Amino acid sequence: MTKENIYILGIESSCDDTSAAILCDAKILSNVVASQKIHAEYGGVVPELASRAHQSNIVPVVHQALKEANITKNQLNGIAFTRGPGLMGSLLVGTSFAKSLAYGLEIPLIDVNHMQGHILAHFIEESGYKKPPFPFLAMTISGGHTQIVKVINYFEMEVIGETIDDAVGEAFDKSGKILGLGYPAGPQIDKLAQAGKPRAYQFTKPKVAGLDFSFSGLKTAILYFIQREEKVNPNFVKENLNDICASIQYTIIEILMDKLKLAVKQTGIKHIAIGGGVSANSGIRAALKSAEKKHDWTTYIPKFEYTTDNAAMIAIVGYLKYLQNDFSNFDVMASARLKI
Ligand code: KG4
Ligand code: ZN
């Protein structure tokens, strides 16, 4: 039996974005994201506040997603939700909501790994975007994770490298905090860097063996560098902000690209996909594009709205699992440290 016109509702609530998306087969009909502004006041995500905001956002966000998709909840064939990894209090809101709705509608419930979502977002049907062929390498770069994954098939993935401390998004955000930028600092550093000189200042790159990453040393190096310079010129940051941002971004991109080159060398796989909030960065996108020519890679860069956390990527995994009748039991639990 062919399965056609399958409507899946995806729900994402792993961190500080409440999101709901409706998909018809592999096409996105709606992808609503309510970003929680409250955390900016604290310079980072406050878990307790995040779960409370999910509670008040979840119903209106799902309503809006159904409305924009122009379908009713009775037309849904299945409900996919983020089971983990993420903040437990946040995950519980999406998990409980998805369970209740699927139970009420008597339709399948499908649990999704958030990291698989970032990777499989490349299989959303979008004109002008190509899908990576198997096997490919996926680099997931966000505020919570930094991994290089060998993707053998939709649900056969092997993590071949990951951060041993901070995630790359944290490196952006914490560096931004040192510079007095608001949270999240990644997009601001990206913007400011475009008017700066990437080699103005040099920061030592971490020495981590193999395909693993480390970013905590970079943050400390930046802190000491700024403290040293401010002793000489108290206005150092203000006067050189573009160059400082460009240099930080350049160093982070070099760290990522060095590991990717090593991963390609070790695996022989030259199809490279990226995902996660940091894949919105213009510098990493440009570095990948130039590697296409230089190293004969084929790169897959997601559409902007599928980079930061969103439910469309959860819905596409839900759809792929639906096709395999891979459904969850209703006693499935959220899992903060869920592995790929
Ligand atoms: O995937 P995401 O929305 O949430 C997590 O799963 O963490 O990623 C958020 C992260 C933040 O650290 C943010 O600063 C970073 O992605 N980010 C960027 C850019 N846009 C978002 N970092 C650098 N350049 C950007 N343009
Ligand atoms: Zn994420």
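I count Lys and Arg as positive and Asp and Glu as negative, leaving out His and the chain ends. I place each charge at NZ of Lys, CZ of Arg, CG of Asp or CD of Glu. On that basis I found 34 positive and 33 negative side chains in the protein, the centres of the two sets lying 5 Å apart.

I note that this is a predicted model, in which local features need pLDDT of at least 70, side-chain atom pairs count only at pLDDT 80 or more, and totals for chains, interfaces and linings use all residues. Residues are numbered from 1 along each chain as its sequence is written, and side-chain values use heavy atoms, without hydrogens and water.

**Overall form.** I looked up the secondary structure and found 9 helices and 10 strands (DSSP runs numbered from the N terminus: helices are H or I, at least four residues; strands are E, at least two). I then recorded that the C-alpha trace spans about 70 × 45 × 30 Å along its principal axes.

I recorded 53% of the 340 residues as buried (under 20% relative accessible area, with a 1.4 Å probe and protein chains only). For contacts (heavy atoms within 4.5 Å) between residues at least 6 apart in sequence, I noted that 72% join residues at least 24 apart.

**Val332.** I located Val332 in the segment after α9 (312-323). Val332 is buried, with a relative accessible area of 11%. Leaving aside residues up to four places away in sequence, I found that Val332 touches Phe81, Arg83, Thr95, Lys99, Leu109 and Asp111. I also looked up Gln194, 138 residues from Val332 along the chain, and found their C-alpha atoms separated by 45 Å.

Terms used
Chains are lettered from A and ligands numbered from 1 in the order in which they are written. Buried means under 20% relative accessible area, exposed over 50%, partly exposed in between (1.4 Å probe, protein chains only).
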